Amino acid sequence: MALAQHADQTFNEVDIVLLGLLERLEKDGNSKSGLARTHDLMVSRVGGLPQLAGLFVYDDQGNWVVNSQPTLEKRFNNSDRDYFIYHRLHRVEKPFIGKPIKSKSTGQWILTISRRINKIDGSFGGVVLGTIDLSFFQRFYAQFDIGKNGAIMLGSLDGTVLHRRPLLPDSVGKNLENSPLFQEHVRRSGSGSVEIRSTQDGVVRINSFRYLADHPLFIIVAMSKDEVLAEWMFHVWVRVIGVAAVLIILYYGGTKMVAQVKRREVAELDAIKSKRKLESLYKTLEAQSQKDGLTAVFNRRYFDDSLSSQLALLNRSGGILSLIMVDVDHFKRFNDTYGHAAGDVCLQRVAAAIQTAVQREGDVVARYGGEEFAVILPECDKAGALIVARSLINSLHEEKIEHASSGTGFITVSVGVTSIAVEPGHAITPRKMIEAADEGLYLAKDQGRDQVIFREFSPQARNRILCFDEEAA
């Protein structure tokens, strides 16, 4: 895997340089000044990549146009190279990795990676080429321990050997297409391992192979089975001795260890029980801190946190939210007539009636303060909020809580409703929404109490007040 990733990275880095050269050629063209700038870029890129031996640009006839050599060399023609012939016959957008060749300019063995240059009409316009020094792979492969009889091989999927460690006189460019390893295994699968006895030296080797992820190449690592097993046997004996020592220690210390484990288990069970009690107590305290002690609905602090959270989500993601504010009519008269103890009972019954009207699990009923309650309705539009508000009033009518000092003879409430439906990106605050619902509530009181007034809320425009009966009509 490491070798395959290294080969992929090596070719990908050079291919990125080739793409940059293609872009530079498109901008600067073949002018003298443009080629001079391209030449300077090529020299800089070759100096920056250790694997890159040279960069070259050829025209559609194979003539040298510009290269990375210190002096611009144009006396060679490369129309006979396999990469040139391939690009002339194939219009593809992928790089081409050719067979190992000896450089015409340096005489060293190199690998080539190239891309086609297209003219404006799409016809063949030449080749941009990068060469990779095989010694770059040799230095990297030398870092791996493959034993005395092991081997590492980089090849193309047509069976051509691009590089090998150890490097034999006939290694580079050799074709393995007819070998059993290539025919029966490498050609048929992207990765795997197989045990094969060499016909040349008789050594049984474990051959592991893997295709490269980005290029039509493969890596083979061959290890001598005897060398692998020899090292394995050494480690086995080391482990056997180590395990035996551990068993002896366990034998003599077993009794103490068992006793310690039992004591630890008892302590852990006690700790678990204590933790569960603390968790239960914490949940109880948390629930109590969120609820109003008199009415058992949520308290003001929970209401503020919940409304802030709902509006933050609404401002970020958009959506619908409705708010209902409820106030008990003539509640001071009730307390003056029946006393504060009866007033507490009244508030409890009002809260229960509101909870009866609010059916959904995600809705929040809270005591806002004194005789005032609030209801948060997530994902509920104006029509739904008005239905809940009317249901709330009807539920309280059914309770018929006696109130001789009111005009109706029983407890009633005034209700203010507001609703918003916005897209993401607004900055609506809880105060603005509460003010909108409160204005509806105060107007309901001014117009005779025991009714619902809807306050239409818009983040952009001034709000408009509608009574429930007008909307229903």
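**Confidence and salt bridges**

Mentor: Where pLDDT is low, the predicted coordinates should not be read in detail. This is a predicted model, in which local features need pLDDT of at least 70 and side-chain atom pairs count only at pLDDT 80 or more, while totals for chains, interfaces and linings use all residues. Residues are numbered from 1 along each chain as its sequence is written, and side-chain values use heavy atoms, leaving out hydrogens and water.

Trainee: What pLDDT does the protein average?

Mentor: The average is 87, and 95% of the residues score at least 70. Residues 461-465 have pLDDT below 50.

Trainee: How many salt bridges does a search of the whole structure find?

Mentor: A salt bridge is a side-chain nitrogen of Lys or Arg within 4 Å of a carboxyl oxygen of Asp or Glu. The search finds 14. In one of them, Glu 23 meets Lys 27 at 3.4 Å, N to O.

Trainee: Why are Glu 23 and Lys 27 separated by about one helical turn?

Mentor: Because they lie 4 residues apart in helix α1 (helices are DSSP runs of H or I, at least four residues; strands are runs of E, at least two; both are numbered from the N terminus).

Trainee: Which residue forms a salt bridge with Asp 363?

Mentor: Arg 360, with the closest N and O atoms 2.8 Å apart. Asp 363 is buried at 10% relative accessibility, while Arg 360 is partly exposed at 37% (buried is under 20% relative accessible area, exposed over 50%, partly exposed in between; 1.4 Å probe, protein chains only).

Methods. pLDDT is the predictor's confidence in each residue, from 0 to 100. Contact means heavy atoms within 4.5 Å.
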